[in-house]
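Below are some notes on the model, written as numbered points. They can be read alongside the sequence and the coordinates.

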Amino acid sequence: MRKNLRVAAYAVCVRDGRLLLARSPAPDGTPEWVLPGGGMEHGEDPHDTVVRELEEETGYRIEVSGLLGVDSFRRTFRREGLRGPRDHHGVRIVYEGRVVGGELRNEVDGSTDMAAWHDLDAVSALTRVRLVDVALRLWRERPVNGRVSVPPES
């Protein structure tokens, strides 16, 4: 079985009671809301990753104002074409960010197709990835160990 490790960095940006999210297609093509951020490039610092990814996906420049925590998950994908099963381990570093410049825009030719602010009270009604819930709990609870328990994605 192939093994795959992906390290990524994301930011929780809350302003005036609203959360900044990006929209991305799920594996089945259904649009779902995700936290702005993404995969680290080899040799890149996670802080630099989240700043770069957020600007690419939303048009905003951010100041990283804190480290909220880390989410780690592991899934086995049964089959990937002719390549067979894959053991995937994702490590996601979650920061708090504050918008300091730029203008909201949608990403062009990237992994997301829309960026938008959502009322915090309305996030639970959105079609979203698990990381959004993890990140909001980290932001609200600020656990000393940087971890929260959220049910796995099905």
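1. Helix α1 takes in residues 46-58, and its 13 residues reach 18 Å from the first C-alpha to the last, close to the 18 Å expected at 1.5 Å a residue. The model is a predicted one, and the lengths given in these points are computed from it. The buried residues of α1 are T49, V50, R52, E53, L54, E57 and T58. The cover over these buried residues includes β1, β3, β5 (37-39), β6, β7 and β8 (114-119).

2. D48 also belongs to helix α1. With a relative accessibility of 42%, D48 counts as partly exposed, because that class runs between 20% and 50%. From D48 to V64 there are 16 residues in sequence, and their C-alpha atoms are 9.5 Å apart in space.

3. Helix α2 (residues 130-141) passes the length check as well: its twelve residues should span 16 Å at 1.5 Å a residue, and the C-alpha atoms at its ends are 17 Å apart, which agrees. On α2, the residues that are buried are R130, L131, V132, V134, A135, L136, L138 and W139. They pack against a set of strands, namely β1 (2-12), β2 (14-15), β3 (18-25), β4 (31-34), β6 (60-77) and β7 (86-102).

4. In soluble globular proteins, nonpolar side chains tend to be buried together. Here the largest nonpolar core holds 25 residues, and V12, L19, L35 and V94 have the most contacts inside it. Two or more residues of this core come from each of β1, β3, β4 and α2. Helix α2 supplies the largest share, seven residues.

5. Which residues does L35 touch, not counting those up to four places away in sequence? They are Y10, A11, V12, L21, E57, V94, L131, V132 and A135. Of these, L131, V132 and A135 are among the buried residues of α2, while E57 is one of the buried residues of α1. Another core, of 13 residues, lies apart from the largest one, and its members include C13, L20, Y60 and Y95.

6. The second largest pocket has a volume of about 160 Å³. Its lining is made up of V70, D71, S72, R130, V134, R147, V148, S149 and V150. Both β6 and α2 give two or more residues to this lining, and β6 gives the most, with three. By type, the lining residues divide into four nonpolar, two polar and three charged.

7. V150, one of the residues lining that pocket, lies in the segment after α2. Is V150 buried or exposed? At 13% relative accessibility V150 counts as buried, because the limit for that class is under 20%. Leaving aside neighbours within four places in sequence, V150 is in contact with R130, D133, V134 and R137. Of these contacts, R130 and V134 also line the second largest pocket. The C-alpha atoms of V150 and T127 are separated by 16 Å, with the two residues 23 apart along the chain.

8. D16 has a positive phi, near 55 degrees, in a residue other than glycine. It sits in the loop between β2 and β3, and at 72% relative accessibility D16 counts as exposed. R142, which follows α2, also has a positive phi, near 45 degrees, and is likewise a residue other than glycine. R142 has a relative accessible area of 43% and is therefore partly exposed.

9. A last point concerns the loop between β8 and α2, where D121 is found. D121 has a relative accessible area of 76% and is exposed, because the cut-off for exposed is over 50%. The C-alpha atoms of D121 and E32 are separated by 17 Å, and the two residues are 89 apart along the chain.

Notes
Residues numbered from 1 in each chain as written. Predicted model: local features only at pLDDT ≥ 70, side-chain atom pairs only at ≥ 80, totals over all residues. Heavy atoms only, no water. Helix = DSSP H or I, 4+ residues; strand = E, 2+ residues; numbered from the N terminus. Expected span 1.5 Å × (residues − 1). Buried < 20%, exposed > 50% of the residue type's maximum accessible area, 1.4 Å probe, protein only. Contact = heavy atoms within 4.5 Å. Core = buried A, V, L, I, M, F, W, Y, C linked by side-chain atoms within 4.5 Å. 1 Å grid on protein atoms, 1.4 Å probe; cavity = no way out; pocket = protein on both sides within 12 Å on 5 of 7 lines; lining within 4 Å. Points joined across faces, edges and corners; volume = space filled by probe spheres on them. Nonpolar A, V, L, I, M, F, W, Y, C, P; charged D, E, K, R; others polar.
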